[in-house]
Amino acid sequence: MLRFILRRLLIMIPTLIVVSMLIFVVINLPPGDFLSNQIAELRATGQEAGLAKAEFLRHEYALDRPLAEQYLIWIGVWPGPSGFNGLLQGDLGWSFEFGKPVAEVVGETLWFTVILNFAAVLFVYLVSFPLGALAAIRANSWVDYLAAAVGYIGLATPNFLLALILLYYGQKWLGLPIGGLVDPRYENEPMSLAKLGSILHHLIIPTIVIGLSGTAAMVRRLRANLLDELGKPYVVTAKAKGVPPVRRLTRYPLRMALNPFVSDIGSLLPSMVSGSVLISVVLSLPTIGPALLEALRAQDQFLAGFILMFISLLVLVGMLISDILLALLDPRIRLTKRSRS
Amino acid sequence: MLRVETLSIRFRRSASPRPAVSGVSFSVGAGQSVALVGESGSGKTLTCRSILGILPRGAEVCGGSVRFGCKKAGEVDLLTLSRSGLRAIRGSQISMIFQEPMSALSPLHTIGAQTAEVLRLHGNASRSQARAECLAMFERVGFPDPERAYRSYPFQLSGGLRQRAMIAMAMVGRPRLLIADEPTTALDVTLQAQVLALIKTLQAETGMAVLMVTHDLGVVANMADAVVVLRAGRVMESGACADVLGRPLHGYTRKLMAAAPMIPDYPEVAPEAAVSPTDAATATAPVDAILEFHGVAKTFERGASRVRALAGIDLRVRRGETLAIVGESGSGKTTLARLAMLADRPDPGARILFRPAAGAEAVDLSAQPPDALLDYRRRAQMVFQDPYASLSPRMTVGSIIGEPLTIHGVCDADERHRRVRALMARVGLDPAWATRYPHAFSGGQRQRIGIARALALDPMLLICDEPTSALDVSVQAQVLDLLESIKERLGLSLMFISHDLAVVARLADRVVVMRAGQVVEQAPPAVLFSAPVHPYTQALIAASPEPDVNRPIDIRKVALGAGAPDLWPAAFRPTPDGPPPLVEVAPGHFVRRAA
């Protein structure tokens, strides 16, 4: 098992390298870059004063060099104008759009993003698991239909609309806060219990909104899986052994139906990060989403590049987690893997 | 102990008002063995499932009673018993063995955990007690290493061991009644013989009653004291086993008996006399073989490990003959069929020669580039094992049968329609059905469709890979008849692959017995079945159950021949340099043994 994890970790390295190349190339596909655009704009409006600074930055961040060289400098395996300082050295680069280092732009929002998405994934699993299982066991009963109805509403309603509706009624009936991720009172204070409470309070609506469509899809999938498993002969065997109903369900088919459930973790994470952009804008959440949108529009390449790298890392970690869980859950995967390696 | 009275079961949403099981009555006494016999759809499985209250979804009991003499509570009606009452009986007093051990065992739990669960649920046994009892039971059912079996998952065991695990699981609660639903149908004959013997000895030791569900009259004859013959949910005939099988009164029972494939009684002939003059002539004269295998081997690479599926096969399929290849699972017979179709390529060094006409130049197929094989593919066709999986559900029967004609561009559409109709008529299907889809046909009819498709291109050679093993016995007989008559009429050569000696006995001109990728014996059926020489062939023949109570399976012979080669007499054992050679012990009779 340990070897398996180690090997998977090693495989992640070349994957990340390839991903980083793709990201860098794609970002640089449109003609020009942030600074050359800015220079052109300054020229057009006759603001010669800024030109020198832009030119200086262009040289400073090696944007005047060939693409391959720029990439290597960005990664940190090639000396830039000020020596080795790329991602490997922990220098995330400069955000031209925001006029500060990328680390500063991203800083807190990165953690908010992780927290928010973690909460959303948790919500998805906590809600869809019992709902899906119940829908399968009581197939074609009112529970099943209710779960289906909730699911379809969740899938069919545009997220931002749902966000607005929930915001309005959440505020009106439950007094839930509107927008933001923390009460303005705690904005610049260090982390404390009260601040954490406020964050959790603010998380409720975004979590539901972001998680709902994923939940709906997951409920349907678990229901279908479990329904398949319930008809399998080994369930009949358990019944013939005299295993009581609840134990029969949890011990046998539910565990089997869990497999696709678990393997979805990897793909769930990125879809939530990218899916939550619009909601973050609507709910004015300080997540990474709006920053990514802005960076991509303005060709702010270091910012966009870093955010995309971060999301890719998230995917890979998600995949790793789901693979490890799968191996723990299913002896067929675990044991055939071992015999092959 | 168990009395089933006028039991009726129906499907809730079924279109026909007729119940699937109606008015079935029988009883099982303590220590007795009763067999429910019938073909698929006869309601035998539904009947035995209703006893434990594990009917499939949609099926419900609509009449009758199932009385069971309970140990504590006296006689109870299992159909009206409370759920918890029924649960207490399941697994402890009545337990069940299922047909497919692979799917009937949970893939996620060890054999030990699944078996111990029975004791933990019913016996109030402690964890260590349960474990000890399980280990004892594993040893009893013949696991070579009970400790290891306890830790194994089902997918790590062979088919035979899995069924042993299933039996251990059913037996560990010391039930008073064991229900066995086709317990050996998924197993090879030699394993079947051993598993049946095991159930019998366990029954003798514990005195439990056995209710066995099977389609195989041979199994019945070996196992049962009494028989209940079912057809379409009704009892046709019931009574003591010797009476029903010895003097069947009902027409259906007679029909079943007649259709049951049996190895015919060949008089003990001297090997020389069994070889007909023509055989003797062809033995010396150059043989006109349509297909020849020379030194054919096939190795599959599975990751780092290499599996030798076939080794050193030399065979000839003579023009116009039926060559039967017999072997159990893993013997390499299907690999051989795929090589004969050139669906796979043999290992380098092998030659597969095809002679289109008598005296014509032989073509080495294995050396041909893929596109040069087109001509051969027209002349050699295959009939597949599973008529359910081998026909596309999205194509009409007419287009399935006509597809080879389209692919090879043989004729225009009108001519194709005409030919499809003719083919359908030839295999006994109504040509008007050409526009229907496969799901509208029964298993036997589907296999006829498969045969018609194989005949579409006027082949010279037909390769049949277990064409009847998915069919009921009475249907099997019809399909075999069809194959035989087609072969006669069209002058085809047949390569017939089967695990079933009885099927082979009626069809083959020559029989080849394979084991572990090698030919162990080869002879005309009259010789092979009357005077088998190789211990493995002897075991195969001994293991075939016959529907005659006076001729039980000789389990010692089976265990000897089907076991490891070390158990065989010295002459047959492989030497350090490899297996012994194939020796001609009599004209046309080859055996793998030391000369």
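User: How far apart do the C-alpha centres of domain 1 and domain 2 of chain A lie?
Analyst: The C-alpha centres of domain 1 of chain A and domain 2 of chain A lie 37 Å apart. This is a predicted model, in which local features need pLDDT of at least 70 and side-chain atom pairs count only at pLDDT 80 or more, while totals for chains, interfaces and linings use all residues. Residues are numbered from 1 along each chain as its sequence is written, and chains are lettered from A and ligands numbered from 1 in the order in which they are written.

User: And which residues belong to each domain of chain A?
Analyst: The domain assignment gives 17-91 as domain 1 of chain A and 105-340 as domain 2 of chain A; such bounds come from an automatic or database domain assignment. The contact between them takes eleven residues from domain 1 of chain A and nine residues from domain 2 of chain A, where two residues are in contact if their C-beta atoms, placed from the backbone, lie within 7 Å.

User: Which elements give two or more residues to the domain 1 side?
Analyst: They are helix 1 (2-27) and helix 2 (34-45) of chain A, and helix 1 of chain A gives the most, with five residues. Helices (H or I, at least four residues) and strands (E, at least two) are DSSP runs, numbered from the N terminus. By class, this side of domain 1 of chain A has seven nonpolar, three polar and one charged residues; Ala, Val, Leu, Ile, Met, Phe, Trp, Tyr, Cys and Pro count as nonpolar, Asp, Glu, Lys and Arg as charged, and the others, Gly among them, as polar.

User: How many helices and strands does chain A have?
Analyst: Chain A has 15 helices and two strands, and its C-alpha atoms fill a box of roughly 85 × 60 × 40 Å, taken along the principal axes. Of the 341 residues of chain A, 33% count as buried; a residue is buried if 20 or more other C-beta atoms lie within 10 Å of its own, exposed if 12 or fewer, and partly exposed in between, with C-beta atoms placed from the backbone.

User: Moving on, how many residues of chain A are in contact with chain B?
Analyst: There are 19 residues of chain A in contact with 24 residues of chain B. On the chain A side, the elements that give two or more residues are helix 9 (233-241), helix 11 (253-263) and helix 15 (331-340), and the largest share, seven residues, comes from helix 9 of chain A. The residues of this side of chain A divide into ten nonpolar, two polar and seven charged.

User: What about chain B, in what order do the eight strands of its open sheet come?
Analyst: The order in chain B is 16-17-18-13-19-20-22-21, with mixed pairing, and two strands pair if DSSP finds at least two bridges between them. Strand 16 (380-383) and strand 21 (582-586) of chain B are the edge strands, each pairing on one side only. On average, neighbouring strands of this sheet are turned by 25° against each other, direction ignored.

User: Which helices pack on that sheet?
Analyst: Among them is helix 14 (residues 333-340) of chain B, which touches strand 13 (322-326), strand 17 (461-465), strand 18 (493-498) and strand 19 (510-515) of chain B and whose direction makes about 150° with that of strand 18 of chain B. Helix 22 (residues 535-543) of chain B also packs on the sheet, touching strand 19 and strand 20 (518-523) of chain B, with its direction at about 105° to that of strand 19 of chain B. For these angles, axes are lines fitted to C-alpha atoms, for helices over the stretch in contact, and the values run from 0 to 180 degrees between N-to-C directions.

User: How many bridges join strand 21 to strand 22 of chain B?
Analyst: Four bridges join strand 21 of chain B to strand 22 (residues 589-592) of chain B, and the two run antiparallel. B:Ala586 has B:His589 as its bridge partner, and B:Val583 has B:Val591. The hairpin of these strands has two residues between them, and there B:Gly588 takes a positive phi near 80°.

User: Last one: why does B:Val475 count as buried?
Analyst: B:Val475 counts as buried because it has 20 C-beta neighbours inside 10 Å. B:Val475 is placed in helix 19 (residues 473-490) of chain B, and, leaving aside its neighbours within four places in sequence, it is in contact with B:Gly443 and B:Gly444.
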